[in-house]
Amino acid sequence: MARLKIRLFVKLTLLLLCSFAVAQDGLKTIDNPGGGQLVYGQITGQTSMQGAMGAVLRNVHSRFGDRPQIGRFFQAGGTDSVATFFTVTAKTEGGKHIAGMVIVSMPAGSQPAGALLYDDAQRFGTTANPMLKKLNEVWHADAAKAPPQSSGTPAQAAVPPLRETPFPDGSGSIGLPAGWQITSAARGGVHAAGPNGESIHLGVYLRVADPRSPQTQMALRSGRPLPGAPSVYPSGGDLVQALLAVVQQVHQKEHMPTPTINITSTQKMPTSHMVTDSVLLMADIDAHDGKGLMASSLLVCALRPITGGDWAITINQGSVPKALAEQEWPTITAIANSWRQNGAVIQAQTQAQIDRIHQIGANAKAQADAAHAAEDAHNASVEARWDSQARSNQNFSNYLLDQTVVQDNNTGAHGTVWHQYADSLVKNDPNRYQYVQTPDFLKGIDY
């Protein structure tokens, strides 16, 4: 129970560190009146989350004269922060057993910040929460003292009311302000446009064939178009270069001008079993569509290749006219956060597509075109396999973050919660709550 309370405070602290990570210059140390110490501030000389975490752990090693034993890394949803618990034998303090926690935050465009909380291992369970409260207080206070980043920056615009707008195929919904409309939506993905040239594209999926695979080479030599008309690019290389190449191919196939993309910043993002690479890009983009230069944010992920060499790039993108960037970004963020997918509808659509392709295959075989039908059926099985891998990927991610999916049997609703809380729900009311196994994850809700 004590560890659960600590995790709840940690989640709040991660959120606060994201908000106030620009307030400090160097590290400060505070002695906790009830026991323990906390160290916090900006981490100089580091430009990545991994580097910042390594720097704080090296600080622990140097402080206590021994390498810390760390637990699982976990992250509060919607934050740019990670944390982990550790234990260490303090050789600098006569072999004393120390327990503590490391928190690192790196909001986009900001210098990383971190905090180290520790105490005697026997006391840490009771002193951790007071230290987390103290950490929140000092970050608030230091953020209030921090000078504004620029004297002429206008106040952040208020986000207008959002109206929940369902997708035409029933596969999801999104909140849109007045003047915005959905331009297309299918299978949980959506494209929407605003009245001033703004746009948002969520769930974009670009299938890619690896030219090194025997299947792709055979198809290219035959002169026949690849099934599903994917782009062609090797997997496993630089994701940004792959994105630029695939975008160029897609626009060429559609006889549209290739956008001019000037990337202004990149930030590596967490990966998982299925996502082999992930990067957050800020870019200035001119699509040559008469709308002019757009300030854009793109979350780009590479999905793990499967048998046959197929892989995929997924993109979530928001764009606003360059001149309206400061004013419109809060609205773009709110719209993205309102995106919801209907897992049951998406599963039904996927199954219907597979059934149609199987029927095409049966008809084609009757017409002695089995080879072409087999390729189509292979594409359907690939889609189904990727969906299965996505479930496994989410289950692995839940394991790393110490989270569990639980179902409320009274409503049928699913929720992902800390493992300790899930265990408490199921044990205290097993008739109402039950664990959800990986095959029963709902797309758009659990993964």
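Strands E4 (residues 81-90) and E5 are joined by 10 bridges and run antiparallel; helices (H or I, at least four residues) and strands (E, at least two) are DSSP runs, numbered from the N terminus. Two strands are said to pair if DSSP finds at least two bridges between them. The model is predicted: local features need pLDDT of at least 70, side-chain atom pairs count only at pLDDT 80 or more, and totals for chains, interfaces and linings use all residues. Residues are numbered from 1 along each chain as its sequence is written, and side-chain values use heavy atoms, with hydrogens and water left out.

E5 also pairs on its other partner, strand E6 (residues 113-120), through 8 bridges in the antiparallel sense. Of the 10 residues of E5 (residues 96-105), 8 are buried, so E5 is largely enclosed by the rest of the structure. Here buried means under 20% relative accessible area, exposed over 50%, and partly exposed in between (1.4 Å probe, protein chains only). For E6 the count is 8 of 8 residues buried, so E6 too is largely enclosed by the rest of the structure.

These strands belong to an open sheet of 6 strands in the order E1-E2-E6-E5-E4-E3, with antiparallel pairing. Its edge strands are E1 (27-31) and E3 (69-70), each of which pairs on one side only. E3 is joined to E4 by 2 bridges, running antiparallel, and Ile-70 stands opposite Phe-86 in E4. Helix H2 packs on the sheet, touching E1, strand E2 (37-42), E3, E4, E5 and E6, and its direction makes about 160° with that of E5. Contact means heavy atoms within 4.5 Å; axes are lines fitted to C-alpha atoms, for helices over the stretch in contact, and angles run from 0 to 180 degrees between N-to-C directions. E2 and E6 pair in the antiparallel sense over 6 bridges, with Tyr-40 opposite Ala-115 in E6.

E6 also holds Asp-119. At 3% relative accessibility, Asp-119 counts as buried. A polar atom of the Asp-119 side chain lies 3.5 Å from the backbone nitrogen of Gly-36. A polar contact is a pair of N or O atoms within 3.5 Å; within protein, one must be able to donate a hydrogen and the other to accept it, and residues adjacent in sequence count only if both atoms are side-chain atoms. Leaving aside neighbours within four places in sequence, Asp-119 is in contact with residues including Gly-35, Gly-36, His-97, Ile-98 and Phe-124.

In soluble globular proteins, nonpolar side chains tend to be buried together. A nonpolar core is here a set of buried Ala, Val, Leu, Ile, Met, Phe, Trp, Tyr and Cys residues joined through side-chain atoms within 4.5 Å. The largest such core has 20 residues, of which Phe-64, Phe-86, Ile-98, Val-102, Val-104 and Leu-116 touch the most other members. The elements giving two or more residues to this core are H2 (49-64), E4, E5 and E6. H2 provides the largest share, 8 residues. Apart from this core lies another, of 19 residues, among them Val-208, Leu-239, Leu-281 and Ile-285.

Leu-239 is also one of the buried residues of helix H5, together with others including Val-240, Leu-243, Val-246 and His-251. The buried residues of H5 pack against strands E11 (199-209), E12 (231-232), E13 (260-268), E14 (275-286), E15 (293-303) and E16 (310-321). At 1.5 Å a residue, the 15 residues of H5 (residues 239-253) should span 21 Å, and the end C-alpha atoms are 21 Å apart, which agrees; the expected span is 1.5 Å times one less than the number of residues. Asp-238 caps the N-terminal end of H5, with a side-chain oxygen 3.1 Å from the backbone nitrogen of Val-240. Just after H5, His-255 takes a positive phi of about 55°.

Thr-411 lies in the loop between strands E18 (403-408) and E19 (414-418). At 58% relative accessibility, Thr-411 counts as exposed. The Thr-411 side chain reaches the backbone nitrogen of Ala-413 at 3.2 Å.
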